Amino acid sequence: MNVKSLLAQGVSLVAAVSLAGAATAQTLPSQTGAGGAPVTPPSAGPALTGVCVFSFPRLLAGSQVGRAVQTRLGQIQAQVVAELNAEGTALNNDIRTFETQRATLTAAVQEQRGNALQARATAFQRKQAQRQREMELTQQSAVGRVGQEVNPVLTATFNARMCSIVLDDNAVMAMNPAMDITPAVITGLDARIQTFSFDRVNVNPQTGQPLAPGAAPTAPAAPAAPATRR
């Protein structure tokens, strides 16, 4: 058992609690390009009949339900970070305490406490991975629900504007704003739904697959303790 290695591992675990790459700064998809709709040229030509442009990211950012989803995801993320920060800090403190007391401990006690800390560090890493997976699935589920709600509104707007084709605004560098149906779809979506409730998706720690609603997560099996050297 390399105690210094374990201590370094504990420090890195606490530093990683921010769950970079989960749903912190990327709660919802970013807007087009530098952060907005396609550019409108100063001398834009006439709107093309039957050609419409739509932005789902701008709908998420501009609709009531999209903003509510972003707020709720931020709340859930804060809960996850607080949970992991508390556990990671406690683990890191215990590792440091073990390091300072190590010279006064018998070999048997060193082995026992070192193995216990190693098991906790491994379990903490697994929990981090589990929570990151849960945040990813929670975001996918919530944004997917918005997509389901917007589908009939988008279809109705498509028909009302007599669109022959709808382009993703990510593929459009510039356009006549009259071709952009996003504001109309946002208005329709706001009239349909403003918010909905959701919680963090729970996943099976062993498989990473989501559990059925109401199912309790199963605790991961404890790693086998290394054999004690004689």
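This is a predicted model: local features need pLDDT of at least 70, side-chain atom pairs count only at pLDDT 80 or more; totals for chains, interfaces and linings use all residues.
How many disulfides does a search of the whole structure find? The search finds one. It joins C52 and C163, whose sulfur atoms are 1.9 Å apart. The link of C52 and C163 is left-handed, with -90° about the S-S bond.

Are the two cysteines buried or exposed? C52 has a relative accessible area of 4% and is therefore buried. C163 is also buried, at 7% relative accessibility.

Let me stay with β1. In a regular strand the side chains alternate between the two faces of the sheet. Here, V51 and V53 point one way from β1, whereas C52 and F54 point the other way, and all are buried. Strand β1 pairs with β2 in the parallel sense, over four bridges. Within β2, L167 is the residue opposite V53.

Finally, the helices. Two packed helices are described by the angle between their axes and the distance between the axes. For α3, residues 64-101, and α4, the angle is about 175° and the axes are 11 Å apart. Because angles over 145 degrees count as roughly antiparallel, α3 is roughly antiparallel to α4. The residues of their contact comprise 16 nonpolar, nine polar and seven charged.

Methods. Residues are numbered from 1 along each chain as its sequence is written. Side-chain values use heavy atoms; hydrogens and water are left out. A disulfide is a pair of cysteine sulfur atoms within 2.5 Å. Buried means under 20% relative accessible area, exposed over 50%, partly exposed in between (1.4 Å probe, protein chains only). Axes are lines fitted to C-alpha atoms, for helices over the stretch in contact, and angles run from 0 to 180 degrees between N-to-C directions. Helices (H or I, at least four residues) and strands (E, at least two) are DSSP runs, numbered from the N terminus. Angles under 35 degrees count as roughly parallel, over 145 as roughly antiparallel, 65 to 115 as roughly perpendicular and the rest as oblique. Ala, Val, Leu, Ile, Met, Phe, Trp, Tyr, Cys and Pro count as nonpolar, Asp, Glu, Lys and Arg as charged, and the others, Gly among them, as polar. Two strands pair if DSSP finds at least two bridges between them.
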